[in-house]
Amino acid sequence: MKPNHVGLIDHSMTVNGLAFPASGTFGVINPATGEVFDHAPALAPDQLDSVFAFAAEAFEQWKRVDRFRCERLSAAADAIESATEELALLLTAEQGKPLDQARNEVTWSCDWMRYFANLEIPREVLRDDSGGYEEICRRPMGVVAAIAPWNFPLLLAMWKIAPALRAGNTVVLKPSPYTPLSTLGLGRVLRGVLPDGVLNVVSGPDPLGALMVEHIVPRKVSFTGSTETGKRVAASAAKDLKRLTLELGGNDPAIVLSDAPLQETAAGLFAEAFANNGQTCHAIKRIYAHESIADELVERLAVLARNARVDDGMAEGAELGPINNLAQFERVKGLVDDAVRRGGRVVAGGTPLDRAGYFYPPTIVDCVTDDMPVVAEEQFGPVIPVLTFRDEDEAVLRANNSPYGLTASVWSADLESAYRLAARLDCGQVSVNAHSGGLRMDLPFGGRKWSGIGVENGIWGYYGFTEPQVIVGPGRGAATI
Ligand code: NAD
C-alpha cells in the first residue's frame, strides 16, 4: 500500500466481529498539511446500547477459559504484525510521526500483546492443608470502556486491551477523534481472530467518550489522556462506582548533577525530551542543571535541536514530524512566546516552520523561572526549558513542587548519589542516566498526584482489570458434610 492509498481503506467500526454501520462521519486531518485527508465513522449515542450489549454477551464465554484467551491473544499479535505496514501508514498520516517510528509503535503493540498472552499468572493459595483452604482468585470485571489519546494511539490502546482481554474482560475501545483510523484498522485486522464481541472499536467526536463512561454496562473505565478530562471521567464514573485506571498528564523533571558526562547526557536528554515531538506523557518537560554545567549543557542541547530534521512523517529521513493538531500547535507556540515576553531566552527553535501543517522546531529555552507556564505546565510538545540549581536539596524541592508526579530522572557519574536522590522524587518512576528506563511491559507504570490513579503494565496492570475473590473452606483432609 502506498501512502496516497490511505484514503481508499475501509475505516468501518468493529462491533461483534463485524463492520458496524455509522450514523455519520467526521474529518481526519493530516497534521503535515493541516488538511482533512479522510473521514472516520461517527457512532450515534443511541447505538452505544447495542455495542455494549454485544460486549456483555461475549463476556459470558470469553471469561471462561484462560488457555483459549492466551491462544487467541497470540494469534491477534500475529495478525497485527502481518498488518504492520498498513497500520503504520495510517498512523503517520493521522498522527504525524515519522513512518519508521509508526512501524515501531505497531511492533511494540504486538510485543505487548504477546507479553500478556504469555504472562504467567501465579496462583495465590495461602493455605491448603488439613486445617483449611484459602485462595485469592483474580476475577474479570465484565465489560471495559477503554479510552485512548492521540500521541501513541495503538500502543496505549494495547496497554489496555491486552491485559483486559487476558484477564477475561471484553472491551469497547474508543480512539481520540484526532487519530481514529489506525485504531479502526486494528479492530478490522482482529475480526475473526478474536471471538465476536470480545474487542469492539468505535469512533466519534468528543461527546462519545463521556457517554461511554456514563453508560450502565461497563464496570471498568481505563482512560489515558489529559488530567482535566481524567478528573471529569473520575467524577462521572463515581456515580456508578465504576473501577477506574487513569493515566494522565505529567511535568516530568530531569536533574543533571555537576559530574554528569555532558556529551552523553545532552544526547540522552534531547532524545527523551523530544521523542514523538515531545508529545509523550513521560517526556522530560523540565531540566534542572547544576549551575556549574548549565551553560555548556544548554549549548549542546541547542546544537542537537538545530540539527534535528523536522519534516512530513512520510519523508525519508524525518526525525520529528509535525505537532499532531492545531490546538496543541497553538499551545506550544503560546507557551514559548509567553516565556520570551517574561524574559526567557530561546536558544534554538522558537518559531513555527514556514510551511503548511503544524510544524514547530525543537526549542530550547533558558533564563526561565519555575512559575512561568512553560515550566509549571505540561507543554506536551517540542519545547524544553532548562533551569539551574545550586544544591541537591533545592533541586529535589523544585522538582517535587508540581501537582504532577509521573516520571523523573537523575543524571550523574556518581551512581550512589543519583540513586539516593532518585528515592526522594515524588513520582511513579525514576530513572538514572536515562529518563524512561522503567517504561517496560513488565514494570508498573502510573503516576502520583494529578498524573493518575492505578498503574498499567506487568502483573500489576493485569490485576487492575480484575477483582480479588477469596475462596475459603475446610482443609482438604477435613471430613465433608
Ligand atoms: P484528552 O483528555 O483530550 O483526550 C483523551 C481521550 O479522552 C480522547 O479519546 C478523547 O476523545 C476522550 N475524551 C474527551 N472528553 C472526554 C470525557 N469527558 N469523558 C471521557 N473521554 C473523553 O487528551 P489528549 O489530548 O488526547 O492526550 C494528551 C494528554 O494525555 C496529555 O495530557 C498527556 O500527558 C496524557 N497522556 C498520559 C499518558 C499516561 O500514561 N500517563 C499517556 C499518554 C498521554
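**Figure 1. Lining of the second largest cavity.** By class, the residues around this cavity split into five nonpolar, five polar and two charged. (Nonpolar means Ala, Val, Leu, Ile, Met, Phe, Trp, Tyr, Cys and Pro; charged means Asp, Glu, Lys and Arg; the others, Gly among them, are polar.) You're looking at a predicted model, where local features need pLDDT of at least 70 and side-chain atom pairs count only at pLDDT 80 or more, while totals for chains, interfaces and linings use all residues. Residues are numbered from 1 along each chain as its sequence is written, and side-chain values use heavy atoms, with hydrogens and water left out. Thr14 and Gly17 are in the lining, along with Gly187, Leu190, Arg191, Gly192, Leu194, Pro195, Asp196, Gly197, Val198 and Leu199. The space inside comes to about 50 Å³. (A cavity is a set of points, on a 1 Å grid over the protein atoms alone, where a 1.4 Å probe fits but cannot get out; lining residues have an atom within 4 Å of a point. Volume is the space filled by probe spheres set on the points, which are joined across faces, edges and corners.)

**Figure 2. The largest cavity.** Counting those of 30 Å³ or more, the structure holds three cavities, and the largest has about 80 Å³ of space. Its lining has 16 residues, with Pro253, Ala399, Tyr404, Gly405 and Asp426 nearest the centre. Strand E12 (252-256), helix H13 (392-400), strand E17 (404-405) and strand E18 (407-411) each give two or more residues to this lining. (Helices, H or I with at least four residues, and strands, E with at least two, are DSSP runs numbered from the N terminus.) Sort the lining by class and you get seven nonpolar, five polar and four charged residues.

**Figure 3. Ligand contacts.** Around the ligand there are 28 residues, with Ala148, Asp206, Ser226, Leu248 and Glu378 the closest (a heavy atom within 4 Å counts as near). The shell is made up of 16 nonpolar, eight polar and four charged residues. A polar backbone atom of alanine 148 is 2.7 Å from a ligand oxygen, and a polar side-chain atom of tryptophan 150 is 2.8 Å from an oxygen of the ligand. Leucine 248 puts a backbone N or O atom 2.7 Å from a ligand nitrogen. On its own the ligand has 860 Å² of accessible area (Shrake-Rupley, 1.4 Å probe), and the protein covers 90% of that.

Figure 4. Helix H7 (207-214), strand E10 (220-224) and helix H8 (227-238) each give two or more residues to the ligand shell, with H7 providing the largest share, three residues. (A pocket is an open set with protein on both sides within 12 Å along at least five of seven lines.) Of its 37 lining residues, Phe223, Gly225, Ser226, Thr227 and Thr229 lie nearest the centre. H8 supplies the largest share of this lining, six residues.

**Figure 5. The second largest pocket.** This pocket has a volume of about 380 Å³. It is lined by 20 residues, and Trp108, Phe152, Thr280, His282 and Leu439 lie nearest its centre. Helix H4 (99-118), helix H5 (153-166) and helix H9 (262-274) each give two or more residues to the lining, and the largest share, four residues, comes from H4.

Conventions: Polar contact = N/O pair within 3.5 Å; in protein donor to acceptor, adjacent residues only side chain to side chain.
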